[in-house]
Amino acid sequence: MCNRARFAGEPEALFGAANKLFGERPRDNRFNPQELRPKSRNYVIRERDTGERGWDVMTWDVLGGKAAWPMTNVRQLGLPQWRKLAEKPVNRCLVPLTEFAEFTPDKHDLGDGKPPLKGEMWFSLPDQPVFAVAGFWQATAEGNAFAMVTCDPNELVAPIHPKAMVTILRPEDHDTWLRGSYDEIVALQRPYDAAAMTVRGPVFPTRER
């Protein structure tokens, strides 16, 4: 479920955030926030308990490597381990994306003599070049780490991934996600309007044709 996404941008005043980083920007060549993958480090937007909003750099695995696989997406906010984070505004965040991918259900034979493989379908919002996905974060032994919140898929995503899609927030709901009550944010956990989205693909980045 959405373990491939992109953010074509740099920290700036998006979604009401200050044009600043709460921590230092990583300086090693493994930091590439434009290509989001499990355990990669990416920009998120959050608020401190003082109400100051800005950017931070976190790892896309909210358990910080303490599970058999990276915990990148969470749907059951009512489970105790997630509710204790989701109900606290200071632990919520916005994840800026320009597009996200899901793999095709079936494998494709590309006619190149190699085994068939699944393609990537990339979803975006034409009226929002950068959109916000609901997320939450926590401090771990490996540093600050986050997960995206998922919900039921809409009719555009469902044929590709029938189980879930990322929770895309409308611009008017950004403040509610970061500051609202637990009940208010659970109400935002809903599929985005399919008519406002587009999809391209399948693409096969690991295979030259």
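This report walks through the fold, the central sheet, the nonpolar core and the aromatic contacts of a predicted model.

## Overall fold

The protein's secondary structure consists of three helices and 13 strands. Its radius of gyration is 17 Å, close to the 17 Å that the globule rule gives for 209 residues, so the protein is as compact as a globular protein of that length. Along the principal axes, the C-alpha atoms fill a box of roughly 60 × 40 × 35 Å.

Of the 209 residues, 50% are buried. Among contacts with a separation of 6 or more, 69% are between residues 24 or more positions apart.

Which strands stand at the edges of the five-stranded sheet? The sheet is open, with the order β2-β1-β7-β8-β13 and antiparallel pairing. Its edges are β2 (35-36) and β13 (198-203); each has a single partner strand, so one side of each is left without a neighbour in the sheet.

Four of its five residues are buried, so β7 is largely enclosed by the rest of the structure. Strand β1 (residues 5-6) runs antiparallel to β7 and is joined to it by two bridges, with Ala5 having Phe100 of β7 as its bridge partner. β7 also pairs with β8 in the antiparallel sense, here over four bridges. Within that pairing, Phe100 stands opposite Phe123 in β8, while Glu102 stands opposite Met121 in β8.

## Phe100 and the nonpolar core

In soluble globular proteins, nonpolar side chains tend to be buried together. Here the largest nonpolar core holds 56 residues, and the members that touch the most others are Phe100, Ile168 and Trp177. Strand β9 gives the most to this core, with six residues.

## Aromatic pairs and a cluster

How many aromatic pairs does the model contain? The count comes to six. In one of them, Trp82 and Phe136 are tilted, with 5.8 Å centre to centre and 45° between the planes. This pair links distant parts of the chain, with Trp82 in helix α1 (residues 80-86) and Phe136 in strand β9 (residues 131-140), 54 residues apart. Trp82 and Phe136 are both buried.

Phe100 and Phe123 form a stacked aromatic pair, 5.2 Å centre to centre with 20° between the planes. Phe100 lies in strand β7 (residues 99-103) and Phe123 in strand β8 (residues 120-124), so the pair ties together parts that are 23 residues apart in sequence. Phe100 and Phe123 are both buried. Elsewhere, one aromatic cluster is made up of Phe7, Phe31, Tyr43 and Trp55.

## Arginines over rings

Two arginines are placed over aromatic faces. Arg6 lies over the face of Trp122, 4.0 Å from the ring centre. Arg83 lies over the face of Tyr182, at 3.8 Å from the ring centre.

Is Asn91 buried or exposed? With 12% relative accessibility, Asn91 counts as buried, because the cut-off for burial is under 20%. Asn91 is found in the loop between α1 and β6 (92-97). Not counting residues up to four places away in sequence, Asn91 touches Leu85, Phe136, Trp137 and Gln138. One of these, Phe136, is the partner of Trp82 in the tilted pair.

His174 has its place in helix α2 (residues 174-179). At 6% relative accessibility, His174 counts as buried too. With residues up to four places away in sequence left out, His174 touches Phe15, Leu94, Ala132 and Leu169.

Technical notes. Residues are numbered from 1 along each chain as its sequence is written. This is a predicted model: local features need pLDDT of at least 70, side-chain atom pairs count only at pLDDT 80 or more; totals for chains, interfaces and linings use all residues. Side-chain values use heavy atoms; hydrogens and water are left out. Rings of Phe, Tyr and Trp (its six-membered ring) pair if their centres lie within 6.5 Å; planes under 30 degrees apart count as stacked, over 60 as edge-to-face and the rest as tilted. Buried means under 20% relative accessible area, exposed over 50%, partly exposed in between (1.4 Å probe, protein chains only). A charge sits over a ring if NZ of Lys or CZ of Arg is within 6 Å of the ring centre and within 35 degrees of the ring normal. Two strands pair if DSSP finds at least two bridges between them. A nonpolar core is a set of buried Ala, Val, Leu, Ile, Met, Phe, Trp, Tyr and Cys residues joined through side-chain atoms within 4.5 Å. Contact means heavy atoms within 4.5 Å. The radius of gyration is taken over C-alpha atoms; the globule rule is 2.2 Å times the number of residues to the power 0.38.
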